Every structure is written in C-alpha cells, then in structure tokens.
Amino acid sequence: MFTISIEKECGCFKKSGMENHQKFSDKDAALMEAMRLADEMNETCCQKHTFRIVEKGATFAINVNERRQNSGCYGGGHCG
C-alpha cells in the first residue's frame, strides 16, 4: 500500500477540498497523483508556499515550504 501525505496542511490546502492521506495499491498511480496534487497546489494555492514531493518508503510526502522572496537578481539575489 502506498500513501500520499501532505506534511503540513496550509490554509489554502484545507480550503481546497483536496484529500490528505490518500492510499493506493499501485506505486505508479500514487506517484502520478502526488505529482498532480503538488502541481495543482503550486499553481492554485496562495503563492506563500511551495510544494514538493519526497519519497519516504511507501509514502509520497508533499512538503510545504515558505516561498522565498526574490530580490530581483538572477539566481535568488546573488548579484555579482
């Protein structure tokens, strides 16, 4: 059994109606759904967070991270 788990449910996720802790018997199906969820959340949520998948055994964890503020310089603010 494979599980998709959103590690920290931000307010946007809670309001979205998306389901946490989904279970699948097929690894490929679980990975495809995890990718779809992460993409959807990155595109439609509040833009305060980024979402990425980390495989942890039989769990595809979707990590929630604060979005970095970009100073406008290429490479995240490392101006030469």
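Biologist: Which residues touch the most other members of the largest nonpolar core?

Modeller: In general, nonpolar side chains tend to be buried together in soluble globular proteins. A nonpolar core here is a set of buried Ala, Val, Leu, Ile, Met, Phe, Trp, Tyr and Cys residues joined through side-chain atoms within 4.5 Å, where buried means under 20% relative accessible area with a 1.4 Å probe, protein chains only. In this case the largest one has 15 residues, and I4, I6, F13, L37, M41, F51 and I62 touch the most other members. β1, α2 (27-44) and β4 each supply at least two residues, and α2 gives the most, with four. Helices (H or I, at least four residues) and strands (E, at least two) are DSSP runs, numbered from the N terminus.

Please note that this is a predicted model, with pLDDT of at least 70 needed for local features and 80 or more for side-chain atom pairs, while totals for chains, interfaces and linings use all residues. Residues are numbered from 1 along each chain as its sequence is written, and side-chain values use heavy atoms, leaving out hydrogens and water.

Biologist: In what order do the four strands of the open sheet stand?

Modeller: Two strands pair if DSSP finds at least two bridges between them. Here the order is β2-β1-β4-β3, with mixed pairing. β2 and β3 (49-56) are at the edges with a single partner strand each, so one side of each lacks a neighbour in the sheet.

Biologist: How many bridges join β3 to β4?

Modeller: Eight, and these strands run antiparallel; I53 stands opposite I62 in β4. By contrast, β1 and β4 (residues 59-66) run parallel, joined by four bridges.

Key
Buried < 20%, exposed > 50% of the residue type's maximum accessible area, 1.4 Å probe, protein only.
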